[in-house]
Amino acid sequence: WKRRYFVLKFDWLIYYETEQSTSPIGAMFLGDIVFDRVSTVFNNRSDCFTLKAPGCKDHILCLEHPDGELMTQWLEAISNASNSNLQKQLKTMQQAQEKAKEMLEQLGQQQDFSEKVKHELEMMKMMLR
């Protein structure tokens, strides 16, 4: 276990080697992390939680805080940051879906217009015969 100092900025968990460090030694994007509160003793630590970035086998953080209440607050803050990003992604997907729906409607209108033009042309051909 190594002591690290964490800062939560928007949907990023940034960590530093010391409290006085100005350059981070790592960061984890919280948008799609999986986190779990470890309910049993983990490496002789009883009050900790893990953060794992999907697709990154080696990027797992196991964190603990000596104050269980503060640790719960960290979990809530991380969960809120993660949920906030998921809400943004959902909104983006909904906007894309609406745009696709509009485009399909426009395409349908163009096809209707094209059918009308074809019909009018057929009528004109028949009249010219």
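W12 stands opposite F29 in strand β3. Strands here are DSSP runs of E with at least two residues, and helices are runs of H or I with at least four, numbered from the N terminus. Keep in mind that this is a predicted model: local features need pLDDT of at least 70 and side-chain atom pairs count only at pLDDT 80 or more, while totals for chains, interfaces and linings use all residues. Residues are numbered from 1 along each chain as its sequence is written, and side-chain values use heavy atoms, with hydrogens and water left out.

**The sheet**

So what order do the strands of the open sheet have? There are 3 strands in the order β1-β2-β3, with antiparallel pairing (two strands pair if DSSP finds at least two bridges between them). β1 and β3 (26-29) stand at the edges with a single partner strand each, so one side of each has no neighbour in the sheet. From one strand to the next, the twist averages 20° (axes are lines fitted to C-alpha atoms, and angles run from 0 to 180 degrees between N-to-C directions).

Strand β1 (residues 5-9) is joined to strand β2 (residues 12-16) by 5 bridges, and K9 sits opposite W12 in β2. These two strands make a hairpin with 2 residues between them, and F10 in the turn has a positive phi of about 55°. β2 and β3 pair over 4 bridges.

**Aromatic pairs**

Rings of Phe, Tyr and Trp (its six-membered ring) pair if their centres lie within 6.5 Å; planes under 30 degrees apart are stacked, over 60 edge-to-face, and the rest tilted. That rule gives 2 aromatic pairs:

| Pair | Centre to centre | Angle between planes | Type |
|---|---|---|---|
| F6 and Y15 | 5.4 Å | 40° | tilted |
| W12 and F29 | 5.2 Å | 55° | tilted |

W12 and F29 are 17 residues apart in the chain. F6 is partly exposed at 23%, and so are W12 at 39% and F29 at 30%.

**The pocket**

F6 turns up again among the residues nearest the centre of the largest pocket, alongside K2, R4, L63 and E64. The lining has 20 residues, and β6 gives the most, with 5 residues.

How values were computed: 1 Å grid on protein atoms, 1.4 Å probe; cavity = no way out; pocket = protein on both sides within 12 Å on 5 of 7 lines; lining within 4 Å. Buried < 20%, exposed > 50% of the residue type's maximum accessible area, 1.4 Å probe, protein only.
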